[in-house]
Structure formats: C-alpha cells, structure tokens
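Please examine the sequence and the structure shown below. The briefing that follows is arranged by topic.

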Amino acid sequence: MSRARFRRRVGQVAAAVLAILLMVGPGLAGDDSSDAWAALAKGGHVALIRHGNAPPGYGGDPPGFRFDDCKTQRNLDDVGREQARALGEAFRKHGVRVDRIVSSPVCRCLETGQLMAVGSVETSWALFPDMGPNAVRVLELKELVSSWRGPGTLVLVTHGLAFGRLTRSFLEQAETAVLQPAPGNPQGGNLVGRIAPPQ
C-alpha cells in the first residue's frame, strides 16, 4: 500500500471514529464518577437515574399495560431491587443530601426511588417519555433540571428513553448521570459525570 493511500485510509478510520464519538458524545463527555459524587455531595446538582434492572430490559411493557396496576408492567427483579438499595446506600456513604426525589409514575421507577430510601418520592409525568411527535414532557423534564437550585440534590428516577430524548445519550439500568443546572443548555444542565450501576 502506498504511503498516500495509507494516510487516506487512516484519515477515513479517524473520521469514522470521530463520527461515532459525536453520536454518543453527550454520554461520554463526563465519565468520572469521582467528579459526579463530589458534585452531588456539594449540592445544587441533579442526579438523573434510570430505574433498576427490570427484565427484559429493552422490550417495553407487556400488552395490557396499565399505570394503576403494577402487575401489568415490567417491574424490578431481585437484581433491580438490590441495585436501588445499593444506590441509596452509596448516596448516604458519599454524604449526599437529597432535598427532593421525583419519579416517573411507572412502578419500576417508583420502586427504585422508594428502595433508595433517601426521601419521600413524588411522581411527575415529566419523567415518563414522550411517545408521540410532540415533545411536551421532555420540555418539562428540561425545566425540572434547569430550575433546580438546591441547596441539596434533586434526584430524578426515569426511563432510558426519557433520558435519551433529553440528552441524546444512553443510560444503563441503575446508572446515574449528574447534571449541573444551566438554563441555557438544551439538556437543562451540563453533564458533570456518570456513576455506573451498582455491582
């Protein structure tokens, strides 16, 4: 292979890698859990948490899903419940003061918030993803994030799809993204870091 052709090939590979990073970039921008924990302990930040493990994970809810009946929904399994308890324990261990915890009304999110045991759990439709073309709920979610001033931490327990619509990035089940509220930011806040799901 000629040197010029080799350089072109390297340039093409580099461009492809850059394109992939730009597609997932918001999720990778701050991947340091120590920064995330420090921000939460400081207060005035928002912890966006995807509910704990709820098999099958990415299949949505079963036919006949009803908000008023947990038995019709996809729910936390034993792993998800343990993740939720471990999240709460980690918040306490790191000295995080939770001033408010808000959850999607779906049972797997509510149970995650309740098992964390860091405060009384409120519900908000802003944390349930928009299913149609009108992104009304994601605007409400953005407002929840951008308007938080503390002094403690705001915990939002939500779904992967709701987080994705807000940030254009992905959260694993029981993963946490920490945002610093910023009204001018299209996500409602600047990503400080991410905290991997409890093992």
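The chain averages a pLDDT of 86, and 82% of the residues score at least 70; pLDDT is the predictor's confidence in each residue, from 0 to 100. Over residues 2-31, pLDDT stays under 50. This is a predicted model, in which local features need pLDDT of at least 70 and side-chain atom pairs count only at pLDDT 80 or more, while totals for chains, interfaces and linings use all residues. Residues are numbered from 1 along each chain as its sequence is written, and side-chain values use heavy atoms, leaving out hydrogens and water.

**Helix H3**
- Helix H3 covers residues 78-93; helices are DSSP runs (H or I, at least four residues) and strands are E runs of at least two, numbered from the N terminus.
- Among the buried residues of H3 are Ala84, Leu87 and Phe91, where buried means under 20% relative accessible area and exposed over 50%, with partly exposed in between (1.4 Å probe, protein chains only).
- On the other side of H3, Asp78 and Lys93 are exposed.
- After H3 comes glycine 95, with a positive phi near 70°.

**Nonpolar cores**
- The largest nonpolar core has 19 residues; such a core is a set of buried Ala, Val, Leu, Ile, Met, Phe, Trp, Tyr and Cys residues joined through side-chain atoms within 4.5 Å.
- H2 gives the most to this core, with four residues.
- Valine 155 touches residues including Phe91, Val98 and Met116, not counting residues up to four places away in sequence; a contact means heavy atoms within 4.5 Å.
- A second, separate core of 18 residues includes Val102 and Leu127.

Key: Expected span 1.5 Å × (residues − 1).
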